[in-house]
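User: I want to learn how to read a structure feature by feature. Please start with how exposed a side chain is, then take me further.

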Amino acid sequence: MDSPFLLPSNLDLELLDYELYPDRIDLQVISTAASTCCPVCGHLSHKIHSCYHRIIHDLPSGGRRVQLHLQVRKYFCKNTNCQRKIFTERFVTGLASYARRFERLNHVLTGIGLESGGNPSTRQARHFSVKVSASTVLRLIKKCIMPSITAPKIIGVDDYAFKKGRKYGTVIVDLETHRVIDLLPDREVKTLSTWLLEHPSIEIVSRDRSNTYAAAITEACPQAEQIADRWHILKNLSETVERFLDTQRVEIKETALKLSQQQQQKSVNEGITAGMSETPPIESQLQKPVFVRKYQDNFVKVKELQSKGYSIRKIATTLKMSRRTVAKYWNRIEFVPKASRKRSNILDFEAYLQQRWQQGQQSAKALYEEISDKGFTYSQATVYNMVRKYPKSVLEPLPTSVKAAYYSSKQLSIWLGMYQNDWEDYMPIEFLRKLLDENPLIKAVREIALEFRQLMKAKQGDQLQDWCNKALESGVESLKGFVRGIRQDFKAIFQAFTSEWSNGQVEGQVNRLKNIKRQMYGRASFELLRKRVILMGNPNFHQM
Ligand SMILES: [Zn+2]
């Protein structure tokens, strides 16, 4: 029976008969090869011993799955020196020995498996009438041969979390072909340097700012140009500004208070809120909290004794402070208040505190315990700062706090990192303007940071050194730290300012990898993940 469309054309098969069922087609097929070679000695044999039936699955046809009843022959090996006496005929291509599926079906299933993983592939295959288990699909993926890597020149490396916080790996992307070329099981210096030594064609490596990758690249291919990732540099800059703003919390709060006082005053003048004619007493709130003043006094005392030539140990004994604190102040030029990143929710309890105060409960400790039960999450010192301005006499009216808007240092560092033209309506523009007008130091740091971004955008690497000097002159501790970081990795950061290559697409590939990993519910082995990440979307995969 002629069957050009049903059977793989590269096999010597003949269709004898077929039966049609609602869900499948059964084909009776025989092999037509006149002779075959012994798999052990390679001797050609014509002498048939016997035959048996093997069921083989093929690609579906017309919505029905296709099942072959293949008559396979067994041959005698005529070579008297061969250990094997009888063997089953082999097909050179298209059907592996012992296989139950044609290779063309395996190829399709592997492709689906690479795209979707084990279980989803099983469900998808059902839609086109193929029954396959998830473990079979995974086995097919594992049998894929990795494509050989052809002399990459420009690569990007980055780490990815295999188990966040615990286990990390390294992804290597060819920046010219935009493809992941390899995945490494960890992010150790040795692993990456070994890989790099196997690929001596590399000329440019884009990387994050970790010392690990820098060390591996310097060790394995010192001739390669290293480029620090621009995104990471800007992230570090943003964190630097954030740390600086942490030291400016008192000033930031002051501006916020003044602004809300102004706004309240404006409302009163416009007669919108009648009965609020009294100006809220904000002076008391603007004082630095007691503990900050105490620390500042200590700082001044330490500096005084230091200038008189006292040792750290002696200062600690004299001032009854810990040596560690003295040592901390020892190297600092200016006092940096310890900033809390948390915001207290004390204002939510103001009405309650005032009520209790007038009822006669005037102990900060007792009040603290009372509101702690009601959901207050901050310290007793915060309660004390709130109630210490209340008059002892219950007859006098209590001052009300001006409710100042709160913005975290992180949020502010993002807004201040933007140009004024880019500020949008949802942002507190009035507050930001006032903050810059009233705080020359914040304004100066913002300008330095903006200049850095501008230089990077305009690729003016030649001005990086000048910028560093300027940042150092500002005297701001966190900026000094940032400059130290730049100087340690100057070459690579200079390249980030001048090179056309960046780690942008590597970040994209890491996102793709995360997606694939999550599809497998975190149960993927490294080998399986590696195959899927590298082979997905590559139509030319081969199997062992
Ligand atoms: Zn043989």
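## Reading the model

Analyst: Lysine 320 is exposed, with a relative accessible area of 78%. Buried means under 20% relative accessible area, exposed means over 50%, and partly exposed lies in between (1.4 Å probe, protein chains only). This is a predicted model, where local features need pLDDT of at least 70 and side-chain atom pairs pLDDT 80 or more, while totals for chains, interfaces and linings use all residues. Residues are numbered from 1 along each chain as its sequence is written, and side-chain values use heavy atoms, without hydrogens and water.

User: Where is lysine 320 placed, and what is its phi?

Analyst: Start with the general idea: most residues other than glycine have a negative phi. Now the case. Lysine 320 has a positive phi, near 55°. Its place is the loop between α10 (312–319) and α11 (323–330). Helices (H or I, at least four residues) and strands (E, at least two) are DSSP runs, numbered from the N terminus.

User: What is the phi of lysine 459, and in which loop does it lie?

Analyst: Its phi is also positive, near 55°. Lysine 459 lies in the loop between α17 (440–457) and α18 (464–473). At 38% relative accessibility, lysine 459 counts as partly exposed.

User: How do I read UniProt annotations against the model? Which residues does the zinc-finger annotation cover?

Analyst: Treat annotations with care: they use the numbering here, with shortened feature names, and may be inferred rather than shown by experiment. The unreviewed UniProt entry annotates residues 36–79 as "domain: Transposase IS204/IS1001/IS1096/IS1165 zinc-finger". In the model, that stretch is 0% helix and 70% strand. Its end C-alpha atoms are 13 Å apart.

User: Where does UniProt place the DDE feature?

Analyst: The unreviewed entry places "domain: Transposase IS204/IS1001/IS1096/IS1165 DDE" at residues 155–263 and 429–533. Over residues 155–263 the chain is 47% helix and 28% strand. The end C-alpha atoms of that segment are 55 Å apart.

User: How many aromatic pairs does the structure hold?

Analyst: A pair of aromatic rings is described by the distance of the centres and the angle of the planes. Rings of Phe, Tyr and Trp (its six-membered ring) pair if their centres lie within 6.5 Å; planes under 30 degrees apart are stacked, over 60 edge-to-face, the rest tilted. The structure holds 13 aromatic pairs. Take tryptophan 357 and tyrosine 390: their ring centres are 5.3 Å apart and their planes at 80°, so the pair is edge-to-face. Tryptophan 357 lies in helix α12 (residues 350–358) and tyrosine 390 in the loop between α14 (380–387) and α15 (409–416), so the pair ties together parts 33 residues apart in sequence. Tryptophan 357 is buried at 2% relative accessible area, and tyrosine 390 is buried at 4%.

Now take tyrosine 407 and phenylalanine 431. Their centres are 4.7 Å apart and their planes at 35°, so this pair is tilted. Tyrosine 407 lies in the loop between α14 and α15 and phenylalanine 431 in helix α16 (residues 429–438), so the pair ties together parts 24 residues apart in sequence. Both residues are buried.

User: Which residues of α12 are buried?

Analyst: They are Glu350, Leu353, Gln354, Arg356 and Trp357. Seen down the axis of α12, these residues fall within an arc of 165° (taken from the directions from the helix axis to the C-beta atoms), so they line one face of the helix. They pack against α13 (364–373) and α14. After α12 comes glycine 360, with a positive phi near 115°.

User: Which residues have the most contacts inside the largest nonpolar core?

Analyst: A nonpolar core is a set of buried Ala, Val, Leu, Ile, Met, Phe, Trp, Tyr and Cys residues joined through side-chain atoms within 4.5 Å. The largest one has 77 residues, and those with the most contacts inside it are Tyr160, Leu183, Phe431, Phe452, Trp467 and Leu529. Helix α17 gives the largest share of this core, 7 residues. Ring pairs link Phe452, Trp467, Phe482 and Phe497 into a cluster. Contact means heavy atoms within 4.5 Å. Not counting residues up to four places away in sequence, tryptophan 467 touches Ile448, Glu451, Phe452, Leu455, Phe482, Val483 and Ile486.

User: Where does glycine 113 lie?

Analyst: Glycine 113 lies in helix α1 (residues 103–116). Glycine 113 is buried, with a relative accessible area of 0%. Leaving aside neighbours within four places in sequence, glycine 113 is in contact with Ser121, Val137, Ile141 and Arg532.
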